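Hi everyone, thanks for coming. Let me put the structure up on the screen, and then I'll talk you through a few of its helices.

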Amino acid sequence: MAAVADHDRGCVVTALVFLAALCAGAALWMLVARERGLRRGRLLFAGGPGEGWAPWGGSFRGRVRSRPGPEWLCLVVAGAVATAGGSVLPLLVGAAAVPLVRRRLRAAAAKRDRLARTDAVIALCGAVAAELRAGRQPGEALLAAGRGSGALGAAEAAVLAAARFGGDVPEALRYAAREPGAGGLGGVAACWRVSVDGGAGLAAGLEGLEGALRAERDQRAGLRAELAGARSTVLVLALLPAGGLLLGAALGADPLRTLLHTPAGLCCLLAGGVLESAGFFWAGRIVRAGEDV
């Protein structure tokens, strides 16, 4: 009778886990369908009165993706662990991890964009200086080098219009320098102002600014390379608990059932999760502090 009761209890738990995974999959499918609908609506009403206009009074997001991001893999992995352990707890943890992973991925993407913008500003300084050395006027040189370079960002139209029609180019450059990674444009604005008011050579100033920005970029790149080993160590330490679970399963034990179905295992899981998260974020903060030096 005890064996039958245990079997029935296991069947109920498995059914609950399957139902939870099914609901998570349905929610994910509905999210994808909604994103596709928003994208289709944006295309249909692209000619409406203003960017982001919607006929029902809503607003479209700046970037609408037609497929789910990699952060939703947390639910897939959590669903597999929940099915293997016969508990809905991993699925709940995976659902809670989705927004955290999404935030980390967006921060990493913003960092890549910032570094790319810094490289584009350095290239812009060299290109404008080369155009000036070739005999072009400052406005013409900026028009030739700045169009499509990616250094000016959202302010590209304003900067190029100021250069074309004799506007306040330094002010437009200072406005463009507010974007992440485009701080070097403030130096370009200063060089432009000095060359216009004081008659100094703009090409020489831009070449000096390019060298300074390039040296700063190379210094930060070298620092990131030196911290790569520490970052790898943090990643290995974060994956050690999963390796321990796999090793226990390979030895014939059932660590998932012990952790998810016994009071002592749940207490160990909670304490280990708190300590693992604290150590991971602490080590990551130390690495990020080293990068920002």
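**A walk along the helices**

Okay, let's start with helix α9, which covers residues 228-250. This helix has 23 residues, and from its first C-alpha to its last it reaches 32 Å, close to the 33 Å you'd expect at 1.5 Å a residue. Quick reminder before I go on: what we're looking at is a predicted model.

So where does α9 bend? At Leu240, by about 35°, and there's a proline, Pro241, following within four residues. After α9 comes Gly252, and its phi is positive, near 100°.

Now over to helix α3, residues 89-133.

Next up, packing. Two packed helices are described by the angle between their axes and the distance between the axes. So keep those two numbers in mind for each pair.

Pair one is α3 with helix α8, residues 202-226. Their axes come within 9 Å and cross at roughly 155°. Anything over 145 degrees counts as roughly antiparallel, so that's what α3 is to α8. The crossing of α3 past α8 is left-handed. Which residues make the contact? On the α3 side they include Leu115, Ile122, Cys125 and Leu132, and on the α8 side they include Leu202, Leu206, Leu209 and Leu213. There are charged residues as well: by class, this contact has 13 nonpolar, one polar and eight charged.

Pair two is helix α4, residues 138-146, with helix α5, residues 156-165. Here the angle is about 150° and the axes are 8 Å apart. These two are therefore roughly antiparallel to each other, and α4 passes α5 in a left-handed crossing. Gly139, Leu142, Leu143 and Gly146 of α4 make the contact with Glu156, Val159, Leu160, Ala163 and Arg164 of α5. By class, that's five nonpolar, two polar and two charged residues.

Last pair: α3 with α4. How do their axes cross? At roughly 135°, coming within 8 Å. That makes them oblique to each other, and α3 passes α4 in a right-handed crossing. In this contact, Leu124, Ala127, Val128, Glu131 and Leu132 in α3 meet Pro138, Ala141, Leu142, Ala144, Ala145 and Gly146 in α4. Sort those residues by class and you get nine nonpolar, one polar and one charged.

Terms used: Residues numbered from 1 in each chain as written. Predicted model: local features only at pLDDT ≥ 70, side-chain atom pairs only at ≥ 80, totals over all residues. Heavy atoms only, no water. Expected span 1.5 Å × (residues − 1). Bend = angle between axes of the 7 residues up to and from the residue. Axes fitted to C-alpha atoms, helices over the stretch in contact; angles between N-to-C directions. Parallel < 35°, antiparallel > 145°, perpendicular 65-115°, else oblique. Left-handed = near helix turned anticlockwise from the far one by under 90°. Contact = heavy atoms within 4.5 Å. Nonpolar A, V, L, I, M, F, W, Y, C, P; charged D, E, K, R; others polar.
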